[in-house]
Structures are given as C-alpha cells and as structure tokens.
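This report describes the fold of a single chain and then turns to selected sites within that fold.

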Amino acid sequence: MGETAMSAALVCAGAAAWLMGGWHSGTARRAQLLLAGGGVEGSGPPAWRRWADELRRIRGRLRAEWWAPVAGLVLGVLASSVLPAVAGAAGMPVLRRVRLAGEARRARERRGDAVIALCSALAGEVRAGRQPGEGLLRAAWDSGGLGEAQAAVLAAARFGGDVPGALATAARQPGAEGLLGLAACWRVAVDRGAGLASGLDRLEAALRAERDKRAELRAQLAGSRSTAVMLAALPALGILLGTALGADPLHVLLHTGAGLGCLLVGGVLEGVGLWWALRIVRGAEAA
C-alpha cells in the first residue's frame, strides 16, 4: 500500500508539472523528438503529432480546480475513505476563485499598460500636427487602451461628442483608471487651450511610475508569499515521507478517532494560517 500511494503521488506530481510546464518543455520535448524519429525534429509520423495536439487541446480545456477532485478521488481509493474525495470536491470553488482572481489581476495589469501606451501614442499624434480627435482615433486602434468602451469613445471623438465623458465611463473598467487623467487633460486642453501633449506626457510618466512602484512592491512581497505557500505544503510532504517510510499515515488520519481529530484541527489551523499570511501580503500591496 505504501509503494502504491507513493507511485500515485508521483503520477499526480508529474501530471501537475506537465500542466504547468507544457508538453514541449524540457525533457518532454527531448523525449518527443527521440520517440518521433531518431531525435530529428519534424520527422515524427502524423499520427503522433495529432496525438500531441489533442493532448495540448485537452490541457487547454482543463482548469486547475479540476485536479482537486481527481487528487481527492485517488487518495480516497488508496486510503479506502470518502473524506479525501469530499475534500477535493469542496476545494474546487476555492481553487476556481484563486484562478479567476489571478486572471482578473493579469487583465487589469494589461489594461493599465494599454492606457499608458494610449497616452504615449496620443501625445505623439498631437505633436505630429493632428487634431486631438483624429489623433485619438489613430492612437486607440494602435494601443487598444479603451477596452470594451472603445466604440463609444471613438464615436464621440469622430462625431464631436462628449469625449471626456466617454473617457470617464471607460475609466470604470478595472485597470483603466488612468483614463480619468486623460479625460481631465482633454477637458483642460479644449476649454482653456492648454497643450494636450505636455499634459499627456506628465500623465504617462505618473502612470508609468505608479506601475513600476507596484511591480517593485510585488517583487519584494513575492518571497513572503512563496514562504507562506511552502509552509502550507509541508503537511502534504510529511504524509508522503511517512508513506515512504511505511508508517501508513493516511490510515491513521482517516480511520482512527485521534487521527480524524488531528486532521480536523490541523486542517482548520492550516487554512486560517494561510489565509492570514496571504491577507497580510494583500494588505501590504493595497497600501
């Protein structure tokens, strides 16, 4: 049973590494080239390439949270208990929330970069002698910094509408808050005849400095976040080591009263500790 549990753990770890690293990364790429035909790239049969493409498509459709019930089911079969399967199913919403939060953060960062590129491109168009409306039309298509509200802003710029109002509406998108500064620069330039290009330069510099500061802070906190995650993974490592030594910790944890009590208390403390550590990190980032 100990060797079976260790083999299952290694299979799960290998599957996770394949999902994170990709089929064409490192050793997998060399193995594919070797099996495809003497180590010569591109000499594999079409059936092998179709199989590899199908695996990549399956990996693209699978989400990280789906591996929680799979791991729970494997552990449940090995330990002859339903508790790991229930825990794996309960962990799906948590992992899904974490994944969606990461995707939202990356989308917010991409939108912020697009706003900075929009300010830079619009300043260049204005300096080239184009009118602000025409320059905004050209800069918006090149940078894509207006996001979902691009059609409304471009319509206002093309037909003489309320461009600052449209920009303020577009600034409600997460990560596009810099468009409020662009709306203010536009309003001042139109109403008072001030230089739009100089205002855009100052706005771009401010947004770029804020982005760099945020990235530097995130880099400084990466060590703390990694330490918290590593400490949270130590109990799983302890179970693997105990299984390798023949102690059968899964049976003790899932089939004895003392083990169930320790599992419950340890799981609660583990979750609270991880939540608290990540809350401290998020608080530092927000500040």
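## Basis of the model

The model is predicted: local features need pLDDT of at least 70, side-chain atom pairs count only at pLDDT 80 or more, and totals for chains, interfaces and linings use all residues. Residues are numbered from 1 along each chain as its sequence is written, and side-chain values use heavy atoms, with hydrogens and water left out.

## Overall fold

The chain contains 12 helices and zero strands; helices (H or I, at least four residues) and strands (E, at least two) are DSSP runs, numbered from the N terminus.

Of its 287 residues, 29% are buried, where buried means under 20% relative accessible area, exposed over 50%, and partly exposed in between (1.4 Å probe, protein chains only). Among contacts (heavy atoms within 4.5 Å) between residues at least 6 apart in sequence, 56% join residues at least 24 apart.

## Residue S81

S81 lies in the loop between helix 4 (67-79) and helix 5 (83-127). S81 counts as buried because its relative accessibility is 15%. Apart from neighbours within four places in sequence, S81 contacts G76, L254 and H255.

L234 belongs to helix 10 (residues 196-244). Its relative accessibility is 44%, so L234 counts as partly exposed.
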